[in-house]
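The structure I consulted is shown below.

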Amino acid sequence: MNAARVERWDGLLGTVHGLVALCDTAVIIYFLAINSGYLVLILFALGELVRRVRRASFAGYEDAAGSPFTPPISVIMPAYNEAAGITEAVRAMLLLHYPVFEVVVVDDGSTDGSLDALADAFDLAEVDHVVPEDIPMRGRVTSLHLPRGGSVPLVVARKDNGGKADALNVGINLARYPLLCMVDADSILDSQALLAVAKPFSDDPLRVVATGGVVGIANGCTVEAGRVVRAHVPAELLGRAQVVEYLRAFFLGRTGWSKVGGLLIIAGAFGLFRRDAVVAVGGMDPDCIGEDAELVVRLHRHLREQGRRHRDYRIVFVTEPISWSEAPSRLRVLGCQRRRWQRGLTEILLKHRRMIGNPRYGRIGLVALPFYVLFELLAPLVELSGLVLVPLGVLIGAVDADFLWRFLLAAYAYAMVVSLVSVAVEEYAYHRFSRWRDLWGAVVGVAVENIGYRQFTAWWRLRGVWDALHRSPQVWGSMTHSGFGPPEGVREGGDRR
């Protein structure tokens, strides 16, 4: 009897050992695949960047700035409790180098005097208004304000609080021009940003429906008169890790997807859209917390479903323009941001799940969306599982030390190499960091991002998936702003829900 029990126990242990070893092998294969996927995207991006660097001197921005055929743009800025910096942000927008554009600020029911600050700075007067309803709006527009004299192309609308997506929908309805540029109220644009991001519309007006621009981290940069005049890597380790992450995943990753026609995300901090296309799909979805990316996926879906003659369209990522935004400098704020981002991604993939693997949607359905499911949606679960299963396998003897080294090389050393390649490619293309210590800071950021930072973000992202699956109440949380100039204390903003 005892011998039979021992035999069964040994059989059970053998099964456990085999399962743990199998799971650990699967984890290694997964990490090899995800890092190789990013490396392939970076190589695609490198080819595109080389081409654009060679043609940079022939960009023709000055010709576009003086041409009457350059399409006019409505810049839409949703704002909530941004009184501390809203006037400087609007002034900087009004000084952008572009022939014809307007700035539409939508105050989403601020309680900190944002509207009063704008009224004092730009001598606003309330006017009678009738807001078109080309797309649905939830929050009631309570007032509309224009500068006295009409010399400043500024429109300020105040509405009941309804969230960022609803504020953007109000701005879309108020916009007069055929192109819509959606920017965050706390973003800083380079002076030629509009010229660069609008260029694909001029080069290919019949096919381009949207373009996205680069979003850089402003922490540690030198800002004068609403412009970033010198780019630096933040001194804090958390900021350095985010710089590397932005370069790899947001800059080069999106450049690679754009090259192969699979771009799914245009950052809400800086994107340009054809107004008629946005209206055709019903504007922003106020029920999705990732409304910027959801709009892009919905545009793909709508255009693919219109028939073969509508499929020849382009959604482009432009590497030249820069929108600078302040990245979270505290773990709590970063955690809320990444949890919200992952929840948004999960909601988008669930909402458009019939596109995944569907050949009707071309490379979007067959390549881009499956990639996001495997390597963005499931990545935090696999990463955290690996951190548990591999040490467990070593502990119970299911894997040996050689296997552990292979796991570390596949999961972290390979990822560091990919991140270092990202830094090198960006430095080759644009040389934004003029000091050697900034490059050294980026290298330090590569190490920090992979050892510590990734594990925290994996946990936050997993919680974001949980929130989406359980339909927890959507909470934007608050972003603590330290400001872009000499610190005068912090200000809170961004809580729209």
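Entry 1. I looked up the aromatic pairs in this predicted model, and the count comes to 11. I then examined the rings of Trp 257 and Tyr 372, whose centres are 6.3 Å apart. Their planes stand at 35°, which lies between the limits of 30 and 60 degrees, so I recorded the pair as tilted.

Entry 2. I noted where the two partners lie: Trp 257 belongs to helix H7 (residues 237-259) and Tyr 372 to helix H11. The pair links distant parts of the chain, as 115 residues separate the partners. Are these residues buried or exposed? Trp 257 has a relative accessible area of 7% and is therefore buried. Tyr 372 also counts as buried, because its relative accessibility is 9%.

Entry 3. I next looked up the rings of Phe 371 and Tyr 372, which have their centres 6.3 Å apart. The planes of this pair are at 70°, so I recorded it as edge-to-face. Both Phe 371 and Tyr 372 are buried.

Entry 4. I found that Trp 257, Phe 371 and Tyr 372 are among the members of one aromatic cluster, which also includes Tyr 38 and Tyr 412.

Entry 5. I searched for charges over rings. Arg 248 lies over the face of Tyr 38, 5.5 Å from the ring centre. The charged end of Arg 91 sits over the ring of Phe 122, at 5.6 Å from its centre.

Entry 6. Leu 374 lies in helix H11 (residues 362-377). With a relative accessible area of 42%, Leu 374 is partly exposed.

Key:
Residues are numbered from 1 along each chain as its sequence is written. This is a predicted model: local features need pLDDT of at least 70, side-chain atom pairs count only at pLDDT 80 or more; totals for chains, interfaces and linings use all residues. Side-chain values use heavy atoms; hydrogens and water are left out. Helices (H or I, at least four residues) and strands (E, at least two) are DSSP runs, numbered from the N terminus. Buried means under 20% relative accessible area, exposed over 50%, partly exposed in between (1.4 Å probe, protein chains only). Rings of Phe, Tyr and Trp (its six-membered ring) pair if their centres lie within 6.5 Å; planes under 30 degrees apart count as stacked, over 60 as edge-to-face and the rest as tilted. A charge sits over a ring if NZ of Lys or CZ of Arg is within 6 Å of the ring centre and within 35 degrees of the ring normal.
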